[in-house]
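Student: I have a model open on my screen and would like to learn how to read it. Could you walk me through it?

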Amino acid sequence: MTEPLLHGLPPVIDGRAELLILGSFPSVRSLTDRQYYANPRNAFWSITAELFDFDCGATYSDRLAAMQAHRVALWDVLGSCRRAGSADAAIESKTLVVNDFDWLFATYPGITRVYCNGAAAAKLFERMVARPAAVSCRRLPSTSPAHAVSRAAKLTAWSELVDS
């Protein structure tokens with residue numbers, strides 16, 4: 001049986017954005033809750049809260065506002081795809097629809113740094129997106145609980161967001 005076509009979340013972005021964090025595609029929980037990184041076991045919010053000094057237990061809208069206050073935008077490489085479950089490995093390769101990065105980079109020219117949350121996001125971005133020469137791209141370890149790296153190691157790698 002063919003999985004239904006899933007549609008991702010809109011970008012969280014405003015005109016102040018300088019840094020873009022990209023996932024591959026939202027998890028089942030994130031799609032259901034309509035929130036980036038909704039799985040409570042995902043370290044994304046605890047790591048970014050520590051880096052940008054906000055309460056990771058705050059409401060979703062307050063967490064987004066804190067990220068935007070630090071000139072950080074969120075999105076995913078894929079806008080839609082077919083996938084069983086939440087694993088990136090389960091994404092059906094023939095169904096990939098990339099988000100409109102031509103529009104994003106033209107509309108938000110202040111974005112000069114892209115950070116990919118994990119290997120899948122990095123591979124998809126590098127393979128499917130033509131980014132402007134002025135935009136750098138770096139892969140960070142996935143904050144997913146499925147990525148068996150300690151939170152401390154993830155935090156150390158992710159500290160690049162505030163060290164740059």
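Tutor: Gladly! Start with the order of elements: from the N terminus on, they run β-β-α-α-α-β-β-β-α-β-α-β-α-α. Keep in mind that this is a predicted model.

Student: How many helices and strands does the protein have?

Tutor: The protein has seven helices and seven strands.

Student: What does the radius of gyration say about the overall shape?

Tutor: The idea is to set the value beside that of a compact globule. For 164 residues such a globule would have a radius of gyration near 15 Å, and the protein has 15 Å, so the two agree. Along the principal axes, the C-alpha atoms fill a box of roughly 45 × 35 × 25 Å.

Student: What share of the residues is buried?

Tutor: Buried residues account for 48% of the 164. The accessible surface comes to about 8,100 Å², and carbon and sulfur atoms hold 53% of that.

Student: And how should I read contacts along the sequence?

Tutor: Look at how far apart the partners are in sequence. Of contacts between residues at least 6 apart, 64% join residues at least 24 apart.

Student: Which residues is Ser24 in contact with, beyond its neighbours within four places in sequence?

Tutor: Those partners are Asp76, Val77, Leu78, Asp88, Ala120, Ala121 and Leu124.

How values were computed. Residues are numbered from 1 along each chain as its sequence is written. This is a predicted model: local features need pLDDT of at least 70, side-chain atom pairs count only at pLDDT 80 or more; totals for chains, interfaces and linings use all residues. Side-chain values use heavy atoms; hydrogens and water are left out. Helices (H or I, at least four residues) and strands (E, at least two) are DSSP runs, numbered from the N terminus. The radius of gyration is taken over C-alpha atoms; the globule rule is 2.2 Å times the number of residues to the power 0.38. Buried means under 20% relative accessible area, exposed over 50%, partly exposed in between (1.4 Å probe, protein chains only). Contact means heavy atoms within 4.5 Å. Accessible areas come from the Shrake-Rupley method with a 1.4 Å probe; for residues, only the protein chains shown count as cover.
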